[in-house]
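Student: I am new to this structure. Please take me through one part of it closely.

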Amino acid sequence: MLDLRSFLEVCKKEGELLELRDVDWDVELGTLTELLAEKGGPALLFDKFKDYPEGFRVATDMYTTVKRFALAIDMPPDTNGLEIIKKWRAVDFEPVKPVEVATGPVMENVDEGEDVNLLKFPVPRFHERDGGRYMGTGVAIIIRDPDEGWVNVGVQRVMLHDERTLGLYISPGKHNAIIREKYWSKGESCPVVMDFGPTPLLFLSAASHVAWGISEMEWAGYLAKEPLEVIAGKVTGLPVPANSEIAIEGEYLPPDVESRKEGPLGEWTGYYGGGERSEPVVHVKAVYHRDNPILAGTPPIKPPNYAFAVQVRTTPLLWNELEKAGIRGIRGVWEHGAGGGRMLTIISLKQEYGGHAMRAALTAAGSHAAGYMSKLVIVVDEDIDPTNTNEVLWAVVSRANFEDSVSIIKGCWGTRLDPALPPEKREKGDLTHSVMIINACRPFYWKDRFPPVNRASEELRKKVIEKWVNEIPLLRG
Ligand SMILES: Cc1cc2nc3c(=O)[nH]c(=O)nc-3n(C[C@H](O)[C@H](O)[C@H](O)COP(=O)(O)O)c2cc1C
């Protein structure tokens with residue numbers, strides 16, 4: 001399975017990597033990451049930070065374009081978004097279990113107990129208003145369900161508190177949040193492994209809404225068609241990815257035992273919605289890293305610049321969930337970039353019965369893949385391309401009759417990251433929000449009387465193109 005440094009080598013060969021030196025880890029690195037992501041620029045690899053040894057590196061902007069996402073998952077560089085979505089749907093998924101190996105590159109350097117010092121890594125503070133340095137944004141958090149035995153992997157932000165302490169924020173409802181409670185409710189700490197330089201497929205799988213009970217390690221193995229290599233952690237017994245750049249083992253303490261201020265961090269919504277709060281911490285017992293380690297950074301950037309990787313990971317799994325729920329006739333599903341790849345869902349389908357479109361919308365709003373922070377779900381007919389914003393908006397203003405076509409569903413799966421969460425609800429601890437559904441399909445019961453679209457038929461267009469294409473090259477393609 002392609003590890004992080006091999007992936008960056010592939011990027012370099014493809015002209016998709018910019019190597020930079022002498023950049024300040026304090027906001028300069030984050031600002032360059034933002035500026036170049038906005039321009040669709042290359043992946044970035046930073047080295048030679050002031051007061052740090054040469055070779056202690058940070059990589060960012062790795063998965064921000066379709067081309068690099070394809071390279072990261074070992075697909076040809078010219079693969080288009082839809083082909084990636086099809087692969088990510090993993091319709092014939094069979095778990096490919098990780099294999100345990102005695103050791104691996106991540107064990108080239110081992111610091112245990114008193115020798116643990118996380119400050120040895122050039123951890124960035126990404127944005128000006130961030131409350132601290134974030135060691136984990138491109139991270140994979142590995143936790144075992146104590147009742148069911150399977151290992152869940154998620155991406156959750158990790159703040160650097162001091163040499164041996166990290167803050168880990170997990171939103172309610174996420175699998176790692178459900179699992180940690182199983183330890184905490186018994187007054188126990190939750191053993192955890194954090195992979196701060198994960199292989200691209202493990203990171204992208206961990207960031208996807210893979211169903212409960214399926215380990216993202218097995219999902220990554222399935223996508224790579226080869227198992228992930230892991231080493232049994234000495235402290236926790238959890239699997240430590242052997243080809244990781246930097247990994248730690250630690251104890252995630254119940255919040256009443258220890259909590260510290262966490263945040264703010266510039267978030268994927270494009271705001272600082274989460275603010276600063278008390279959050280539980282991880283005591284780090286061991287640090288493993290390769291020679292010349294690379295810390296992976298995927299700091300959130302204001303939408304839509306950051307969204308592609310989220311869109312690709314959310315869209316296919318939502319599509320699967322809709323079909324599993326029995327929603328037929330789906331032509332396409334799209335998580336719009338303006339919603340950070342999550343808040344704005346568009347579904348295109350061929351209506352077969354009254355209520356078909358609403359069934360799809362309600363399923364999406366309640367799904368695991370896209371339900372979290374879902375704000376707006378738009379359903380359009382099958383002639384509308386859900387990835388084309390202008391076509392979608394045309395359908396909304398022309399086919400919806402708003403007094404009948406809009407529904408607002410209250411009490412949905414939200415988070416304190418929601419910038420629009422009213423202060424009173426936030427103070428009460430009520431993090432739910434409402435989802436607006438726009439049924440922008442032709443009304444089912446009189447769709448046959450709906451005015452025809454003012455567009456030449458496919459047959460006529462084909463005929464005219466064939467006749468004129470040599471004289472008007474613009475007609476080609
Ligand atoms: C860069 C990045 C940062 C993320 N940060 C967080 C976070 O701080 N807390 C969180 O709960 N989810 C965060 N997520 C989203 C989760 O990784 C995602 O919802 C994942 O599917 C959760 O795993 P689960 O399916 O095992 O619940 C982040 C995702 C990415 C890509």
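Student: Let us look at the ligand and what surrounds it. How many Å from an oxygen atom of the ligand does a backbone N or O atom of Arg157 lie?

Tutor: Keep in mind that this is a predicted model. A backbone N or O atom of Arg157 lies 2.8 Å from a ligand oxygen atom. Ala207 also brings a backbone N or O atom, at 3.4 Å from an oxygen atom of the ligand. His368 uses its side chain: a polar atom there lies 3.5 Å from a ligand oxygen. The protein covers 94% of the 630 Å² of accessible area that the ligand has on its own.

Now the shell. It holds 23 residues, and the closest are Val155, Arg157, Ser171, Lys174 and His175. By type, the shell divides into eight nonpolar, 10 polar and five charged residues. Domain 1 (4-296) and domain 2 (308-445) both give residues to this shell, so the ligand lies between them.

Next, look at one strand. Strand β8 (residues 151-154) gives the largest share of the shell, three residues. Both faces of β8 are covered. Val151 and Val153 are buried on one side, and Asn152 and Gly154 are buried on the other.

Strand β8 also has a partner. Strand β7 (residues 140-144) runs antiparallel to β8, and four bridges join the two. The hairpin of β7 and β8 has six residues between the strands. In that hairpin, Gly149 takes a positive phi near 85 degrees.

Terms used. Residues numbered from 1 in each chain as written. Predicted model: local features only at pLDDT ≥ 70, side-chain atom pairs only at ≥ 80, totals over all residues. Heavy atoms only, no water. Near = heavy atom within 4 Å. Polar contact = N/O pair within 3.5 Å; in protein donor to acceptor, adjacent residues only side chain to side chain. Areas by Shrake-Rupley, 256 points an atom, 1.4 Å probe, with all protein chains shown as cover. Nonpolar A, V, L, I, M, F, W, Y, C, P; charged D, E, K, R; others polar. Domains from an automatic or database assignment. Buried < 20%, exposed > 50% of the residue type's maximum accessible area, 1.4 Å probe, protein only. Pairing = 2+ DSSP bridges.
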